[in-house]
Amino acid sequence: MRKRPSPYVRRRKPRGHGHERRDEILAAAKQLFITEGYETVTTRQLAERVGLSQTGIYVYFQNKEEILDELRRSTFERLSARIKESVEEGPRGAALLRLLLSNYLEFALENPDEYQLTYMVTHASLKNPERKDLELPAAEQPPSIQAFLAFREQVAKLITAGVLRQADATVIAQALWGALHGLATLLITHPDFPWADHRLLISTLVETLVSGLQASSR
C-alpha cells in the first residue's frame, strides 16, 4: 500500500515565499499566545497550526522566544511611528503632551492583542530577558527603548521650554508612561468591568496628568 504524502509537504510554501511563511507563523503565534497563553504554547502546536513539521519552524525562528521578540519589535516600531506622527501634527506646548498621551492610549486600545503580548508576558517566562540601558545611543537600543526615548525627548523639550515644571525628564516620562500603561492594561484585561466611556476616561486621565505637571506660570 502506497504511503500517503505528508500534509506538511503538501502545504509547504514554494521556494521564494519564505517571507509569507514567516508572516503566517507570526500571525498564528499571536493568536495562540493570546488564546492559550505564551507559557503553554509549544513550537509543536505552532507548527501544526501553520502546516509545518516541528523542525520546519526552526527554518524561520530559532525558538518561541524569538517569535515573541519579533511580535514585540513590530509593536514598538508602530508605537514609535505613532509618537512621531503626534509630533509632526504640529501642536506645541501642553497641546503636544495631551496629544502624545491620548495617542498612546488610543494605540493600545486599537491593538489590544499586540499590547498584551508586548507588555504582559511575565518576566519569568522569558529565558533571556533583554538588558536595557538608557544611556546607550538610540541607534544601539532595542525598539522598546527607542519608543520610550522618543517619548522622553518630547518631555525633555517641554521641560526646557518651561511648559512643564523643572524635573528630571526620565522620571517624568516614566511616571507618565506608567500611568498610561495602567489604564491601558485595565481596559484591555478587564473589558467586562462597567467602565465609563473610554474617551471620557482617557481625556480625564490626560488632563489630570498634564495639569499636574505644567509649570505654575502657565
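1. Of the 218 residues in the protein chain, 39% are buried, meaning under 20% relative accessible area with a 1.4 Å probe, protein chains only. This is a predicted model, in which local features need pLDDT of at least 70 and side-chain atom pairs count only at pLDDT 80 or more, while totals for chains, interfaces and linings use all residues. Residues are numbered from 1 along each chain as its sequence is written, and side-chain values use heavy atoms, with hydrogens and water left out.

2. The protein chain has ten helices and zero strands; helices are DSSP runs of H or I with at least four residues, strands runs of E with at least two, numbered from the N terminus. Among contacts with a separation of 6 or more, 65% are between residues 24 or more positions apart, a contact being heavy atoms within 4.5 Å.

3. Where is Thr 185, and what does it touch? Thr 185 lies in helix H9 (residues 169–189). It counts as buried because its relative accessibility is 18%. Beyond its neighbours within four places in sequence, Thr 185 is in contact with Tyr 115, Met 120 and His 190.

How values were computed. Buried means under 20% relative accessible area, exposed over 50%, partly exposed in between (1.4 Å probe, protein chains only).
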